[in-house]
Amino acid sequence: MHCPFCRHPDSRVVDSRTTDDGTSIRRRRQCPDCSRRFTTVETCSLMVIKRSGVTEPFSRTKVINGVRKACQGRPVTEDALAQLGQRVEEAVRATGSAELTTHDVGLAILGPLQELDLVAFLRFASVYRAFDSLEDFEAAIAELREATGRAADDDDREAVVDAVTGGQEDERGSGGTAQVPVPANAAE
Ligand SMILES: [Zn+2]
């Protein structure tokens, strides 16, 4: 790249180091013409195209924040969230494509989240797939049952109620206005 100071078309690398998480390399460069130094960062390009058409770099933090909202009140540790974030990033990077849609990212979240916590999964899926009725939740649970080969039981029904009310006792039966918490950034 050109020297940012004098636009000289060449530069010499004086130092290279990989960042702690191993996802990028920082290079210290010196311009052979004006001798000034600057730093470049080399990273594997992975952009996410939002529904609005805006493109932004993939962010593991955004994935984790979105999933964390769906996990409110659930027995899910920060460690488990971090691991899920890593799995999602590995999955989307493994596709080898440099551009993804938010839909692709949401899809990559569903699998690991289903393994992590079924209620959080239902909350997340309700936003991702735009559920708008109890029947949608029931259909999703029927799918889950089929996938897990598990018979319907009280836990499943409990999961529907939890998913719709956000798992908060004090929101239940308060005039029947069920609220689904929205993991705003996750499926944006
Ligand atoms: Zn220069």
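The following legends describe close-up views of a predicted model of a protein chain.

**Figure 1. Overview of the secondary structure of the chain.** The protein chain contains six helices and six strands. Read from the N terminus, its elements follow the order β-β-β-β-β-α-α-β-α-α-α-α. The chain has 188 residues, of which 34% count as buried. Among contacts between residues at least 6 apart in sequence, 45% connect residues at least 24 apart.

**Figure 2. The antiparallel sheet of strands S1, S2 and S3.** This open sheet consists of three strands in the order S1-S2-S3, and the pairing is antiparallel. Strand S1 (12-18) and S3 are the edge strands, each of which pairs on one side only. On average, and with direction ignored, neighbouring strands of the sheet are turned by 25° against each other. Six bridges connect S1 and S2 in the antiparallel sense. Arg12 can be located opposite Gln30 in S2. In a regular strand, the side chains alternate between the two faces of the sheet.

**Figure 3. The hairpin of strands S2 and S3.** Strand S2 (residues 24-30) and strand S3 (residues 37-43) run antiparallel and are joined by seven bridges. Ile25 has Glu42 as its bridge partner in S3. Six residues lie between the two strands of this hairpin, in which Ser35 adopts a positive phi near 70°.

Figure 4. Thr40 has its place in strand S3. Is this residue buried or exposed? Thr40 counts as buried because its relative accessibility is 13%, and the cut-off for a buried residue is under 20%. The side chain of Thr40 makes a polar contact of 3.0 Å with the side chain of Arg29. When residues up to four places away in sequence are not counted, Thr40 touches Met1, Ile25, Arg26, Arg27 and Arg29.

**Figure 5. Cys3 in the segment before strand S1.** Cys3 belongs to the segment that precedes S1. With a relative accessibility of 0%, Cys3 counts as buried. Which residues are in contact with Cys3, leaving aside its neighbours within four places in sequence? They are His8, Cys31, Cys34 and Phe38. The C-alpha atoms of Cys3 and Arg37 are separated by 8.6 Å, although these two residues are 34 residues apart along the chain.

**Figure 6. The mixed sheet of strands S4, S5 and S6.** Three strands in the order S5-S4-S6 make up an open sheet with mixed pairing. Strand S5 (55-57) and strand S6 (99-101) stand at the edges and have a single partner strand each, so one side of each is left without a neighbour in the sheet. From one strand to the next, the twist averages 35°. Strand S4 (residues 47-49) pairs with S6 in the parallel sense over three bridges. Within this pair, Val48 has Leu100 as its bridge partner in S6. Helix H3 packs on the sheet and touches S4 and S6, and the direction of H3 makes about 75° with that of S6.

**Figure 7. Helix H1 and its buried side.** Helix H1 (residues 60-70) includes the buried residues Val63, Ile64, Gly66, Val67 and Ala70. Why do they lie on the same side of H1? They do so because they cover an arc of only 165° around the axis. The buried residues of H1 pack against helix H2 (78-94), helix H3 (102-116) and helix H4 (118-128). At the start of H1, the backbone nitrogen of Thr61 has a side-chain oxygen of Ser59 within 3.3 Å.

**Figure 8. The packing of helices H2 and H3.** The axes of H2 and H3 are 9 Å apart, and the two helices pack at an angle of about 145°. Their crossing is right-handed. Which residues of H2 and H3 meet? From H2 come Ala80, Leu84, Arg87, Val88 and Val92, which meet Ala108, Ile109, Pro112, Leu113, Glu115 and Leu116 in H3. Both helices also pack against the buried residues of H1.

Note on methods:
Residues numbered from 1 in each chain as written. Predicted model: local features only at pLDDT ≥ 70, side-chain atom pairs only at ≥ 80, totals over all residues. Heavy atoms only, no water. Pairing = 2+ DSSP bridges. Helix = DSSP H or I, 4+ residues; strand = E, 2+ residues; numbered from the N terminus. Buried < 20%, exposed > 50% of the residue type's maximum accessible area, 1.4 Å probe, protein only. Arc of directions from axis to C-beta. Contact = heavy atoms within 4.5 Å. Polar contact = N/O pair within 3.5 Å; in protein donor to acceptor, adjacent residues only side chain to side chain. Axes fitted to C-alpha atoms, helices over the stretch in contact; angles between N-to-C directions. Left-handed = near helix turned anticlockwise from the far one by under 90°.
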